[in-house]
Amino acid sequence: MSVPTPVARHVRVSRTARFYQLGAHGPQVRELWIACHGYAQLAEPFALALEPLNDGTRVIIAPEGLSRFYLDDLLKRHGPDSPVGASWMTFQERESEIADYVEYLDAVARLVREEAGATELRVVALGFSQGVATVSRWAAMGTTRVDRLILWAGSLPPDLPTERGNQLFRGASITIVAGRMDTLITQKVLESQQRALAERGLESELVMFDGGHSLSTETLRRIGAQ
């Protein structure tokens, strides 16, 4: 007797997503920053690390990945003191997860612009580590036009649309950032990434700082001033 094979099915559901905001709406605001954290991080501490950008001319949004999980021993009993992290996706149901977070980031950008009464705010997308792939896909596939793309300590995903050539990110300027002591994303990898972009006709700026796999206050201020 053969064993029946389960059939995968899908249904779209509504769910509540969390994001954190730095900066208030006002006539002085010129930019909307959407900043996506790395693997196993949460949005609130990531938003706090972005405080150097909060100069009164920006609204800074840190969305949180839709999949949360406990970071400590899987076999222990978890409670309110257990550390929690979030992820943007895994290889499981990857196409659905990508579509979900692209739609999610579009919804956040639309909401914040509408609240500000300024639908034409310049949009800057910053991704850190796993967030690099997230903002790259959003810039390429979302309905929001991103003006500047900051790829911090992460790699571009290999599945970006190839047919667009130098319009892959619809004209967004590209800044690649990493620490010289980053053991996950080495300078060799970053330079290779720059060459791959150049082959598509996309120019990028490479910014290095003295540090590891982390954000840098001084570098945030530096790229924010550009």
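Predicted model: local features only at pLDDT ≥ 70, side-chain atom pairs only at ≥ 80, totals over all residues.
Arg145 lies in the loop between H3 and S7. Leaving out neighbours within four places in sequence, the contacts of Arg145 are Val123, Arg170 and Gly171. For a sense of distance, take Glu95. Arg145 and Glu95 are 50 residues apart in sequence, and their C-alpha atoms are 21 Å apart in space.

How many of the residues of H3 are buried? The count is 11 of the 12, so H3 is largely enclosed by the rest of the structure. The buried set includes Gln130 at one end of the list and Ala140 at the other, with Arg137 and Trp138 among them. What covers these buried residues? The cover includes strand S2 (31-36), S5, H2, S6 and strand S7 (148-152). H3 lies across S2, S6 and S7, and runs at about 145° to S6.

Ser129 sits in the loop between strand S6 (122-128) and helix H3 (130-141). Its phi is near 55°, which is positive in a residue other than glycine. Most residues other than glycine have a negative phi. Glu93 is another case, with a positive phi near 50°. Glu93 is in the loop between strand S5 (84-87) and helix H2 (94-116). Glu93 is partly exposed, at a relative accessible area of 40%.

That brings us to H2. With 23 residues at 1.5 Å a residue, H2 should span 33 Å, and its end C-alpha atoms are 33 Å apart, which agrees. The buried residues of H2 include Ile98, Tyr101, Tyr104, Leu105, Val108 and Val112. Asp106 and Arg113 are also among the buried residues. An α-helix has 3.6 residues a turn, so residues three or four places apart point the same way. You can follow that spacing in the buried residues of H2, for instance from Tyr101 to Leu105. The cover over the buried residues of H2 includes S1, S2, strand S3 (58-63), S6 and H3. Just after H2, Gly117 takes a positive phi of about 65°.

H2 comes up again at the largest pocket. That pocket has a volume of about 580 Å³. Its lining has 19 residues, and Arg12, Val13, Arg15, Leu66 and Asp100 lie nearest its centre. Which element gives the most to that lining? H2 does, with seven residues.

Now the sheet. Seven strands form an open sheet in the order S1-S3-S2-S6-S7-S8-S9, with mixed pairing. Strand S1 (19-22) and strand S9 (205-209) stand at the edges, each with a single partner strand, so one side of each has no neighbour in the sheet. On average, neighbouring strands of this sheet are turned by 20° against each other, direction ignored.

Inside the sheet, take S2. Six of the six residues of S2 are buried. Glu31, Trp33 and Ala35 point one way from S2, while Leu32, Ile34 and Cys36 point the other way, and all of them are buried. Four bridges join S2 to S3, and the two strands run parallel. In that pairing, Ile34 stands opposite Ile61 in S3.

S6 and S7 also run parallel, joined by five bridges. Here Leu126 stands opposite Ile150 in S7.

Leu206 is in S9. Not counting residues up to four places away in sequence, Leu206 touches Ile176, Leu190, Glu191 and Gln194. Leu206 and Leu126 are 80 residues apart along the chain, and their C-alpha atoms are separated by 14 Å.

Terms used. Residues numbered from 1 in each chain as written. Heavy atoms only, no water. Buried < 20%, exposed > 50% of the residue type's maximum accessible area, 1.4 Å probe, protein only. Contact = heavy atoms within 4.5 Å. Pairing = 2+ DSSP bridges. Axes fitted to C-alpha atoms, helices over the stretch in contact; angles between N-to-C directions. 1 Å grid on protein atoms, 1.4 Å probe; cavity = no way out; pocket = protein on both sides within 12 Å on 5 of 7 lines; lining within 4 Å. Points joined across faces, edges and corners; volume = space filled by probe spheres on them. Expected span 1.5 Å × (residues − 1).
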